[in-house]
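These are my notes from one sitting with the model. I put down what I looked up, entry by entry.

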Amino acid sequence: MGLLDIVKKAAFVDILRGMSVTGTYFAVDKVTVEYPKEKLQPYPRFRGAQALLTDPATGDTKCVACMLCATMCPSQCIYIVGEQTPDGRSRPARFDLDLSRCVFCGFCEEVCPEAAIVMTQRYELATYDKSDFLLTKEKLLANQAWVHKELHRLEPNDRGEG
Ligand code: SF4
Ligand code: SF4
């Protein structure tokens with residue numbers, strides 16, 4: 001240990017330097033929040049749990065059971081059974097999404113030609129019950145409560161913009 005180091009130690013230089021850094025951060029605005037008491041608003045294109053959107057014209061889901069999302073999903077976690085309505089529309093009789101396998105890539109949202117499936121702002125997905133990860137058609141429709149308002153305005157084939 002050199003003379004300079006001994007002087008530095010005697011004068012508590014390192015401690016004073018550390019305290020000056022701490023003091024600096026007392027004065028600046030904090031960037032953290034006290035989760036879960038405080039929550040941040042995710043960005044509009046945040047990729048949380050999916051939702052199926054309802055078509056205001058029919059009151060039914062916009063999904064036409066084309067199977068494109070299920071085909072494109074890299075995790076193969078979407079299972080759809082289609083059906084025809086009496087007025088000739090196609091829709092999913094069953095639409096299951098296994099969230100425990102989903103990698104939140106957003107491909108299902110991007111490829112959907114009807115803008116029927118979207119990624120929502122819902123990010124609190126922890127659960128003690130594995131069955132909660134199975135999103136049925138009913139649960140996916142209920143997830144519309146977490147859809148950012150911008151996505152409700154999207155028309156078919158609007159994906160990829162913004
Ligand atoms: S976000 Fe990706 S992994 Fe998850 S369901 Fe959609 S396509 Fe599949
Ligand atoms: S791609 Fe869209 S319309 Fe086709 S099955 Fe999936 S959610 Fe339904």
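Which residue of β5 stands opposite D98? I looked this up, and D98 faces L134 in β5. I kept in mind throughout that the model is predicted.

**Entry: the sheet**

L97 stands opposite L135 in β5. The pairing of β3 with strand β5 (residues 134–135) is antiparallel and rests on two bridges. I then turned to strand β2 (residues 78–84), which also runs antiparallel to β3 and is joined to it by seven bridges. Together the three strands make an open sheet in the order β2-β3-β5, with antiparallel pairing. β2 and β5 are the edge strands, each pairing on one side only. I noted for reference that strands of a sheet pair through backbone hydrogen bonds, either parallel or antiparallel.

I next checked the hairpin of β2 and β3. There are five residues between the two strands. Q84 stands opposite S90 in β3. G88, in this hairpin, takes a positive phi near 90°.

**Entry: the core**

Which residues have the most contacts inside the largest nonpolar core? I found L52 and I117, in a core of 21 residues. Two or more residues of this core come from each of β1 (50–52), β3 (90–98) and β4 (117–119). β4 gives the most, with three residues.

I listed the contacts of L52, leaving out residues up to four places away in sequence. L52 touches T61, C63, F95, A116, I117, K137, L140 and L141.

**Entry: the ligands**

Ligand 1 is surrounded by 13 residues, of which the closest are C73, C102, C105, F107 and C108. By class, I counted 11 nonpolar, two polar and no charged residues in the shell of ligand 1.

Ligand 2 is likewise surrounded by 13 residues. Here the closest are C63, C66, C69, C112 and I117. The shell of ligand 2 has 12 nonpolar residues, no polar ones and one charged one.

I looked up the division of the protein, and the assignment gives domain 1 (1–31) and domain 2 (50–152). Their centres, taken over C-alpha atoms, are separated by 55 Å.

Is helix α1 (residues 3–10) largely in the open or buried? I found that zero of its eight residues are buried, so α1 lies largely in the open. F12 follows α1 and has a positive phi, near 55°.

**Entry: the loop between α2 and β1**

I stopped at two residues in the loop between α2 (13–27) and β1, starting with P36. A cis peptide bond joins Y35 and P36, with omega about 5°.

Y43 is in the loop between α2 and β1 too. Why is Y43 counted as exposed? Y43 has 9 other C-beta atoms within 10 Å, and a residue is exposed if the number is 12 or fewer. I also checked Y43 against Q121: they are 78 residues apart in sequence, and the C-alpha to C-alpha separation is 7.9 Å.

I noted the background: most residues other than glycine have a negative phi, and most peptide bonds are trans. I then looked up two residues with a positive value.

Q76 has phi near 50°. Q76 belongs to the loop between α3 (68–72) and β2. Q76 is exposed, with 11 other C-beta atoms within 10 Å.

A115 also has a positive phi, near 50°. I placed A115 in the loop between α4 (107–111) and β4. How many C-beta neighbours does A115 have inside 10 Å? I read 19, and A115 therefore counts as partly exposed.

Key:
Residues are numbered from 1 along each chain as its sequence is written. Chains are lettered from A and ligands numbered from 1 in the order in which they are written. This is a predicted model: local features need pLDDT of at least 70, side-chain atom pairs count only at pLDDT 80 or more; totals for chains, interfaces and linings use all residues. A residue is near a molecule or strand if its C-beta atom, placed from the backbone, lies within 6 Å of it. Ala, Val, Leu, Ile, Met, Phe, Trp, Tyr, Cys and Pro count as nonpolar, Asp, Glu, Lys and Arg as charged, and the others, Gly among them, as polar. A nonpolar core is a set of buried Ala, Val, Leu, Ile, Met, Phe, Trp, Tyr and Cys residues joined through C-beta atoms within 7 Å. A residue is buried if 20 or more other C-beta atoms lie within 10 Å of its own, exposed if 12 or fewer, and partly exposed in between; C-beta atoms are placed from the backbone. Helices (H or I, at least four residues) and strands (E, at least two) are DSSP runs, numbered from the N terminus. Two residues are in contact if their C-beta atoms, placed from the backbone, lie within 7 Å. Domain bounds come from an automatic or database domain assignment. Two strands pair if DSSP finds at least two bridges between them.
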